[in-house]
Amino acid sequence: MKAGARVAATIELREKLCEIRQDGKRTPADMVVRDYYKERRFIGSQDRREISRLVYSILRNESLITWWLEQDDKRCSAREMVLCGLVFLENIDLPEIQELFSGEKYCPPKLDSMEREWVLAHAGKPLQHEAM
């Protein structure tokens, strides 16, 4: 599985988690992740591990990621949350993020100009901000 496809799967899982939360259900995240993988048996164990690592990392730091997005008047969509997680939690810079968001088959669509500017402005910054 391409690294971009892992990011796309992470976005898809994040969307599922948000849908469940919006419906008012209290399904544990691990059950949602388990069901996601059951439906996609083609995802290998190493890919599952990396996807899960990023999903849970974003969940653990959700309030901090949301703070950053709100500072820039960004929506807290699944795509924005994962993009923010890649920048702050994985310390990935713009060229590598553009490779992940290539728009190729199974990869997320390319970054728009506002997303590219946001990544450039925040790459290399720590997740914790003094104003938090």
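## Overall size and make-up

How does the radius of gyration of the protein chain fit with that of a compact globule? With 132 residues, a compact globule would come out near 14 Å, and the protein chain has 15 Å, which agrees. (The radius of gyration is taken over C-alpha atoms, and the globule rule is 2.2 Å times the number of residues to the power 0.38.) Along its principal axes, the C-alpha trace spans about 40 × 35 × 20 Å.

Keep in mind that this is a predicted model: local features need pLDDT of at least 70, side-chain atom pairs count only at pLDDT 80 or more, and totals for chains, interfaces and linings use all residues. Residues are numbered from 1 along each chain as its sequence is written, and side-chain values use heavy atoms, with hydrogens and water left out.

## Helices, surface and contacts

(Helices are DSSP runs of H or I with at least four residues, strands are runs of E with at least two, and the numbering starts at the N terminus.)

Buried residues make up 45% of the 132 residues. Here buried means under 20% relative accessible area, exposed means over 50%, and partly exposed is in between, with a 1.4 Å probe and protein chains only. The accessible surface comes to about 7,800 Å², and 48% of that belongs to carbon and sulfur atoms. (Those areas come from the Shrake-Rupley method with a 1.4 Å probe; for residues, only the protein chains shown count as cover.) Now look at contacts, meaning heavy atoms within 4.5 Å: among those with a separation of 6 or more, 63% are between residues 24 or more positions apart.

## Helix α1 and its cover

Helix α1 takes in residues 3-22, which is 20 residues. At 1.5 Å a residue it should span 28 Å, and its end C-alpha atoms are 29 Å apart, which agrees. (The expected span is 1.5 Å times one less than the number of residues.) After α1 comes Gly 24, with a positive phi near 85 degrees.

## Two nonpolar cores

A nonpolar core is a set of buried Ala, Val, Leu, Ile, Met, Phe, Trp, Tyr and Cys residues joined through side-chain atoms within 4.5 Å. The largest one has 26 residues, and Leu 86, Ile 97 and Phe 101 touch the most other members. Two or more residues each come from α1, α3, α4, α5, α6 and α7 (113-122), and α5 gives the largest share, eight residues. Phe 101 touches, among others, Val 7, Ile 11, Leu 83 and Leu 86, leaving aside residues up to four places away in sequence.

Apart from this core lies another, of eleven residues, among them Leu 13, Val 33, Tyr 37 and Val 55. Two of those names come up again with Ser 52, which sits in helix α3: leaving aside residues up to four places away in sequence, Ser 52 touches Val 33 and Tyr 37. Is Ser 52 buried or exposed? Ser 52 is buried, with a relative accessible area of 14%.

## Aromatic pairs

A pair of aromatic rings is described by the distance of the centres and the angle of the planes. Rings of Phe, Tyr and Trp (its six-membered ring) pair if their centres lie within 6.5 Å; planes under 30 degrees apart count as stacked, over 60 as edge-to-face and the rest as tilted. That rule gives four aromatic pairs. The rings of Tyr 36 and Tyr 37 have centres 5.8 Å apart and planes at 70 degrees, so they are edge-to-face. Both of these Tyr residues are buried.

Trp 67 and Trp 68 are also edge-to-face, at 5.3 Å centre to centre and 85 degrees between the planes. Trp 67 is buried at 19% relative accessible area, and Trp 68 is buried at 5%. Ring pairs link Trp 67, Trp 68, Phe 88 and Trp 118 into a cluster.

## Lys 74, a buried loop residue

Lys 74 is in the loop between α4 and α5, and it is buried, with a relative accessible area of 16%. Lys 74 and Trp 118 are 44 residues apart in sequence, yet 9.7 Å apart in space, C-alpha to C-alpha. Not counting residues up to four places away in sequence, Lys 74 touches Leu 69, Glu 80, Met 114, Glu 115 and Trp 118.
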